[in-house]
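This briefing sets out the computed features of one protein chain for a structural reader.

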Amino acid sequence: MPFPGGLWWLLCCRRGFTLLRRDYGEAEREADGEAEEEEEASFELRAQGDQGSLEVSLSQPTRSSSGSERSLLVAEEMRSLIVEKGPGPVEDDPDALVKGWLQRETRGCMKTPWIRPRKYWFVLTPDSLDYYSSNEKGARRLGSLVLTSLCSVLWPDKQLYKETGYWSVTVFGRKHCYRLYTEHLNEAVRWVCAVQKVIDSKAPVQTPTQLLMRDVEEHRDSPEVLEQIYRCNPILRYTSGPLYAPLLPFPYGSLDQSAPGPRSYTTLRDEAVKLFNSLQQLESERDPVPLMQGVLQTCLDLPPLVDEIYCQLVKQTTEPPAPGGQGDLHYWQLLTCMSCTFLPSPPVLRFLRFHLDRTENRFPASEMAKYACFIREALGKTKGRECVPSLEEILVLMQRQEMICTVHCPGAPACSVAISSHTTAEEVAQELVSRLGLSQSPNLFALYEQSRRREQPVGSATLLADVLTRFENLAGEDREQDPPCRLCFKHYGFLDTDNVPRDSLEFALLFEQAHEMVLRGYVPTSEETLQTLAALRLQSLNSDFSTHAPFPRLEELFPPHVLHARLPPLPHRPPAKCRGARLRAGLLAGGLWGQALAKQRAERDQRLRGRLREEGASTMAAIVEKWKLLQGMGRPEAMAAYVALVREWPGFGSTLFDVDLQASPVGPGPQRLWLGIGAKAVSLYKPGEPEPLDSFCYGRISSFGASDSSTFRLSVEDRDLLFETSQVDEIAQLLNTYLASAGAQRLPRPQEPPASPPTLEPPVLPQGLCPAPGPWQHRPPVGSSHS
């Protein structure tokens, strides 16, 4: 039955009023809600120019408050922030800096492209960003975003423009975020620049905690005034309730989530509040170590939160309900870990030192006083960390003790060294050089990070605590390696290998390092010589031949790549040229033919493994026969003969790096080369060839450095050599070490103008140490290229 005409009219009017209410009524309610939220007085924020007397009690904020009292405070604050505008036309506002039509995002409109954003008339004043229903006289102001120094604005996003066709202008306030859109880029840029200029013109905002910190510093010599400040301001003291706002000012707006990292964060203000909740969980945690490490990791990822956590820990350790209890000591232990990891800003550092002094005076000879003394000493040594403390380090710091670090020495027993959170690799190298009697050696030594797959020197200024944390992280990622990484003490640079006494520990180190070079294939020689070297190695390990002597694995005596080179190469199957052939090959591989091919590959791999075992058995038999001929040779003689054979290669004593040469000096020669850094020259070798392709003494090298993170540049007279390598820093550091050890001056920079300052003389290096890169090190800016 059809509806009567009047009923149709009623339904249409009802539908129309519903749409109007959606477009205008909800917008007005939303604007009213924004005004109410924006007018909530932030207890912790005060403009720098409106600092009142601190005799008023600043208590911990709570969610419950009196409505009339709250409205009165809100009205007073908003009248001081926003000037009420008269009923005149919006376009005639004399305070308007920028005005125009912009579209504002409504709930879900950008996620549903068929709903267009609503257009409003926006006016930017020196105090706020307002928007109206229209630009006519008497138009109602629908919302206002108060601009302070903590507000932020984001530039237009090109990706969003590609997806929606709009350029975005995002303004973050204390309670609101205005996401505005326009179809023109120049208009979006004009608004962004104008809003940023207003934000930059605002006076810095300070919180009551900052003002009280300043008052405490000013009256630190007046005990009565200090006690009154602490008594009248609970915000400085321990609280068992939650924290609804950070103690320090943080900019509004979300963090950049594009930065690499496994963890995602919200705004700094929200993270500060979350961290306070985590701190309160420490009081009842039976095992607080993982939670402490999580707090430290957040501070490492978000450096602005370091001062906030220091202030929160000072607050929670000030007049706690149970001084010296388990919960209170957990706070002090986390404060100890913080002091060994991060250095606060000067104002917070002064406030922290005052708190430590106050605690020692109020609780002498207590556990809290001992932690305070430890923290004061740690703050004088902390310079920043690359990693947060490991779980082992946190346990040690909780007991205010030192860690025991194990350093492996080739040819000698492992050494145990006591280190702290501030011990550097250079300090450990000095101690080992002195302990092992290597102080008179002209050669250089260093610590190495060593694993089964790679080996790299540890920088002199690197904190060993950071290295141990990396080892712990790697062990958690790959538990199949046993051990995944270790510290090793080895030669770093060879200045004199001929005059090393054969009965000294240094010769044993030299012998072990030469053996490592042989196994890694960095000593190009004949297979007969390699078998002789393996026999000498067995003689040095087990003395004369015996059937009961322990036999090492073949890969510990003989280079594995030589055995693999004997195997026949795999048949090369040319790729399918046309698309149809690739499609047919894919279909065949997925059916019965695929199973047959997999079976063939398994059989071929089994045959290759059998062939490899046969080659290994024949090689081991040849090595044993040569070992029998060494009857009666002592261990020192075997080691000396081993080193003498290796020394026959001209590149012995150089550190070899695998590089790809971009501009070859020998024409269309091989691109994959060895770059040998020696005490007297830099040489280029073709892998497996005993003679160098070219060699450059240091007098011919005009400059060197990093063109980028993976390109090393070496300027030799009138040509530049570019090497692709992942060890750019290691090459540059080793070159500087040899130059500094030889007492050479800093190399000139070709790109510097003639009026450059005079070159610096490198400092005198202690014997037997690997130096840190000094001011004479030449490293061009990253990104510069030289061809």
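**Structural briefing**

His408 lies in strand 10, which comprises residues 403-409. The model described here is predicted. The protein chain contains 22 helices and 21 strands, and buried residues account for 45% of its 787 residues. Of the contacts in the chain with a separation of 6 or more, 67% are between residues 24 or more positions apart.

- His408 is partly exposed, with a relative accessible area of 26%.
- The C-alpha atoms of His408 and Arg486 are 7.6 Å apart, although 78 residues separate the two along the chain.
- Leaving out residues up to four places away in sequence, His408 touches Ala414, Arg486, Leu487, Cys488 and Phe489.
- Thr469 belongs to helix 15 (residues 464-477), and its relative accessible area of 2% makes it buried.
- Thr469 and Val388 are 81 residues apart along the chain, with a C-alpha separation of 7.2 Å.
- Beyond residues up to four places away in sequence, Thr469 touches Arg385, Cys387, Val388, Pro389, Ser390 and Glu393.
- Leu124 is placed in strand 3 (residues 118-124) and is buried, at a relative accessible area of 0%.
- Between Leu124 and Val198 the C-alpha distance is 8.9 Å, across 74 residues of sequence.
- Setting aside neighbours within four places in sequence, the contacts of Leu124 include Asp95, Ala96, Leu97 and Val98, and also Trp191, Ala194, Val195 and Val198.

**Packing of helix 10 against helix 12**

- Helix 10 (residues 326-339) packs with helix 12 (residues 367-379) at an angle of about 10°, and their axes are 9 Å apart.
- Angles under 35 degrees count as roughly parallel, and helix 10 and helix 12 are therefore roughly parallel to each other.
- On the side of helix 10, the residues in contact are Asp328, Leu329, Trp332, Gln333, Leu335, Thr336 and Ser339.
- Helix 12 meets them with Glu367, Met368, Tyr371, Ala372, Phe374, Ile375, Ala378 and Leu379.
- The residues of this contact comprise 10 nonpolar, three polar and two charged.

**Helix 12 and its cover**

**Helix 9 and its cover**

- Helix 9 is mostly covered, with 12 of its 12 residues buried.
- The buried residues of helix 9 include the charged residues Asp307, Glu308 and Lys315.
- The cover over the buried residues of helix 9 includes helix 5 (208-218), helix 7 (268-282), helix 8 (289-301), helix 10, helix 11 (346-362) and helix 12.

**Nonpolar cores**

- In soluble globular proteins, nonpolar side chains tend to be buried together.
- The largest nonpolar core here holds 58 residues, and those with the most contacts inside it are Leu296, Tyr310, Leu313, Trp332, Leu334 and Met338.
- Leu296 touches Leu334, Cys337, Met338, Phe342, Val388, Pro389 and Ile394, when residues up to four places away in sequence are not counted.
- A second, separate core has 38 residues, among them Phe507, Tyr522, Ala534 and Ala535.

- Most residues other than glycine have a negative phi.
- Glu319, which is not a glycine, has a positive phi of about 55°.
- Glu319 sits in the loop between helix 9 and helix 10 and counts as partly exposed at 33% relative accessibility.
- Ala365, also not a glycine, has a positive phi of about 60°.
- Ala365 is located in the loop between helix 11 and helix 12 and is exposed, with a relative accessible area of 76%.

Note on methods:
Residues numbered from 1 in each chain as written. Predicted model: local features only at pLDDT ≥ 70, side-chain atom pairs only at ≥ 80, totals over all residues. Heavy atoms only, no water. Axes fitted to C-alpha atoms, helices over the stretch in contact; angles between N-to-C directions. Helix = DSSP H or I, 4+ residues; strand = E, 2+ residues; numbered from the N terminus. Parallel < 35°, antiparallel > 145°, perpendicular 65-115°, else oblique. Contact = heavy atoms within 4.5 Å. Core = buried A, V, L, I, M, F, W, Y, C linked by side-chain atoms within 4.5 Å. Buried < 20%, exposed > 50% of the residue type's maximum accessible area, 1.4 Å probe, protein only.
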